[in-house]
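Please look over the sequence and the model shown here before reading on. The briefing is meant for someone meeting this structure for the first time.

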Amino acid sequence: MRRLAVRGARGLAWAFLAVLFISSLGAGWLAPAPPEKQFREAPNSPPSRAFLLGTDDLGRDRFSRLLHGGRISLLLAPSAALLAVACAALVGGMAAFGGRRVAGLLTGATDLTLSLPWLLLLIGVRAALPLDVSPPVSVGITFAILGLLGWAAPARVVQTGVAGILSSNYVLAARCRGLSWTRIMVRHVLPNTRPVLAAQFWSSVPVFILAEANLGLLGLGVTEPMPSWGTLLRELESCLTSGQPVLAQYWLFAPALVILFAVLSLVVVFPSEVNS
Amino acid sequence: MSFRARVAAAVFLAFAAVLPAAAQPAPGGQLRLAIQAEPKSLDPLLAADEPSELVRHLTGGVLVRLNRQTQALEPELAVKWSAAAAGRKLRFELRQGVTFSDGSPFSARDVCHTFQRVMDPKIDSPASEPFRSVKGGIACSPDGNHAVNLSLGEPLAGVERLLDDIAMQSASGNARAVLGPFTVAEHRAGSHLLLTRNTNYWKKDERGVRLPYLDGIRMELQRNREFELMRFRRGELELVNNLEPELFDRLKREAPAAARDLGPSLDSEQLWFNQSPRGPLPAHKRAWFTSGEFRRAVSEAIRRADLARIVYRGHATPGVGPTSPANQFWFNAALKPPAGDPKEALARLARAGFRLEGKVLRDRGGNPVEFSVITNAGNKSRERMAALIQQDLAEIGIRVSLAPMDFPSLIERITRTFDYDACLLGLIFSDLDPMGQMSIWLSSGPQHQWNPEQKAPATEWEAEIDRLMRAQAAEPDRQKRKQAFDRVQQIVAEQAPFIYLVYRNALVAASPALGNAAPVILRPQTLWNADRLYMKAPAQVSQR
């Protein structure tokens, strides 16, 4: 019975992801309007036949922007998460493997990275960028920065996890049997670290989607007129502080729900170790 | 008299007895409002930021006060004044029987002491700036206890209105002694500022009751405007100044009596192109930006009515020149904002040698016309305006990339490195007189933003503006000054060094519990008549 439920959930997740990816990649054909098109006679419209999720404050079709925004968020947020987790695996793994000196050095580097005022660095990055950088390049740079800056916290988790594996009985047994470090690494450490890395990866994806939205305040991130799920989420801010019933403009929650279900589906579909 | 008539007469008499008493302001009560930043200085002569200027207005006594409602100068601590020698000599007769909050008498000695401090280079008072531009500066000499003579090295047009910013200080050395309606009682950094009634304030109302009516004003530091509005709705604050259009509309729906749109303010939003030769711009871009036809075509392509309607939700007025229609005397009513016509803009560009190829506008050299616009990140209104302008200009083949950035980086670019194409920013004006705009319009001025601090005017029209601004500064006749400044406004509209987009409306909220509230567009919008504000009795509030 339980297995059936899991299978059903996985099937649903697969279907949701398939729809999401297809609609995002095919946004050019599926979206009723170009994402930057301003219907100036209809700003802030509620959902209607013409505008399924209404229009934003510039009169742009929110549904079209949600589809187009998926391209950026679905492709670049996981890419940034992958970059961050790869860096974390490298640093965390080396810290666990490399003996006391290397561990001290890398732990120090991790602590330093976590304590640095990244806001100032990001402001510096924006100042160094040319002003007429195109929106796609700006997006690429933003997610690369997010990926490169996001390794420190996962690195600590990876280091602890790898250290735990190295001191486990089965690694001890493998060493006693004379297995080489490379073989131990490939046969025992990497497979057992995968759940940790996967958990870090999936938890990083929504964080990066939201971080991208906040970077807009520094002039980084997805610039107008390109949409992203992160920028669409910023609309919720005024809704939540308006003092009106939270669900008065329920359609503004669409991007939040899409992100939530996308992340849940990814977790359900891919690494079964995380769920267990 | 019938029974019915007797009852009616009794009811009338009862109302007649109650109503006058109810309508009359009663002293007492504390007014609460929020300020978004800490006052940088409580010394009135050092006030340069909005909270400090507000404190100065509420605590300081001045010789002459600008009536924010009529926009006319009114006698305050000076009962009358006269000018002689073509405006180089001014004589002020002081009000008698006035005392500072510490009880010491106010005299001519205090006025001269204040002017001495204003002109002291060690203090570097912002109030001294207009006087420093005058050769020979300003000298003050007392004439007895109740009159002073001010001498200027050369005429300074509209000098009396500068006195609205100079709060008189005591020559006895007590820096806390004030002549305004309130005194600073408590200042907790990061929390609040409490002003209490100056019991020695000289003004009385028509009934002879000593002003101010309020016991005190509590200004709480509240940076978040959403929370400020929330507190206003809960009745924890009585006044809100400078509301954002979105918040204003929200309040208007919930409490229509409290929200007030006062119409266009003096504050403008404008776009300008970098024309400074010090900027690292490629030659073809410099050629576009220094072309009057190009700037005007861009101006003509922008649909200002959409900016006002969509970005400001109708709480803004399309702009055309440096002076808002709110400035009753100096506004040039002959100027009309462009309607936003891409065809007209393209025709002008064609005359200047540009051509539209497909969806791309190209200059004579075949370069595609594209530029970036910087603005301060986080300012929603400007980001939205930039997005609308982006689409308007795309219609005439111009590709605009938006580069919002943090404010210090933006200031660095527009004042030091000049590494930018175009900038979208606003200007806040508090001075009605064009003398307050000298640093903007003189080509040598630091705020001549498109090409500041020129050694000699780069263009003929800038040379003409220089001549006109200097001429009006030396002209005592107000009508002749107006003619000169009208021409300046016309040149600015024709040459579009600043492309004026909109004048923001002044949006405020005043609690129905506050009596005598008469918000105006000039700062301090809701507190200009603070000495006459009063808290209504609960019964009076419910009657409304």
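This is a predicted model: local features need pLDDT of at least 70, side-chain atom pairs count only at pLDDT 80 or more; totals for chains, interfaces and linings use all residues.

Residues are numbered from 1 along each chain as its sequence is written, and chains are lettered from A and ligands numbered from 1 in the order in which they are written. Chain A holds twelve helices and zero strands, whereas chain B has 17 helices and 21 strands; helices (H or I, at least four residues) and strands (E, at least two) are DSSP runs numbered from the N terminus.

**Overall form of the chains**

- The C-alpha trace of chain B spans about 90 × 65 × 50 Å along its principal axes, and that of chain A spans about 75 × 55 × 35 Å.
- Chain B has a radius of gyration of 26 Å, which agrees with the value near 24 Å that a compact globule of 544 residues would have; the radius is taken over C-alpha atoms, and the globule rule is 2.2 Å times the number of residues to the power 0.38.
- In chain B 45% of the 544 residues count as buried, and in chain A buried residues make up 36% of the 276 residues; a residue is buried if 20 or more other C-beta atoms lie within 10 Å of its own, exposed if 12 or fewer, and partly exposed in between, with C-beta atoms placed from the backbone.
- Among contacts in chain B between residues at least 6 apart in sequence, 67% join residues at least 24 apart, where a contact means that the C-beta atoms of two residues, placed from the backbone, lie within 7 Å.
- For chain A, residues 24 or more positions apart account for 69% of the contacts with a separation of 6 or more.

**Helix packing in chain A**

- The axes of helix 4 (residues 99–115) and helix 7 (residues 152–166) of chain A come within 9 Å and cross at roughly 150°; axes are lines fitted to C-alpha atoms, for helices over the stretch in contact, and angles run from 0 to 180 degrees between N-to-C directions.
- Helix 4 and helix 7 of chain A are therefore roughly antiparallel to each other, a description used for angles over 145 degrees, while those under 35 count as roughly parallel, 65 to 115 as roughly perpendicular and the rest as oblique.
- Thr110(A), Thr113(A) and Leu114(A) of helix 4 of chain A make this contact with Ala152(A), Ala153(A), Ala155(A) and Arg156(A) of helix 7 of chain A.
- Val157(A) is also found in helix 7 of chain A, and it counts as partly exposed because it has 16 C-beta neighbours inside 10 Å.
- Leaving aside neighbours within four places in sequence, Val157(A) is in contact with Val196(A) and Gln200(A).
- Helix 3 (residues 62–97) and helix 6 (residues 135–149) of chain A pack at an angle of about 35°, with their axes 7 Å apart, and the residues that meet there include Leu76(A) and Leu83(A) in helix 3 and Phe143(A) and Leu146(A) in helix 6.

**A four-stranded sheet in chain B**

- An open sheet of four strands in chain B has the order 4-5-7-6 with antiparallel pairing, two strands being paired if DSSP finds at least two bridges between them.
- Strand 4 (78–84) and strand 6 of chain B are the edge strands, each pairing on one side only.
- Strand 4 and strand 5 (residues 89–94) of chain B pair over six bridges, and Glu93(B) in strand 5 is the bridge partner of Lys80(B).
- Helix 3 (residues 108–119) of chain B packs on the sheet, touching strand 5, strand 6 and strand 7 of chain B.
- Five bridges join strand 6 (residues 138–142) to strand 7 (residues 147–152) of chain B, and Cys140(B) stands opposite Leu150(B) in strand 7.
- The hairpin of strand 6 and strand 7 of chain B has four residues between the strands, and Gly144(B) in this hairpin takes a positive phi near 75°.

**Where the chains meet**

- In all, 28 residues of chain B are in contact with 22 residues of chain A.
- Helix 12 of chain B gives the most to the side of chain B that touches chain A, with seven residues.
- Helix 7 of chain B is among the elements that each supply at least two residues of that side, and the buried residues of helix 7 (residues 245–254) of chain B include Pro245(B) and Phe248(B).
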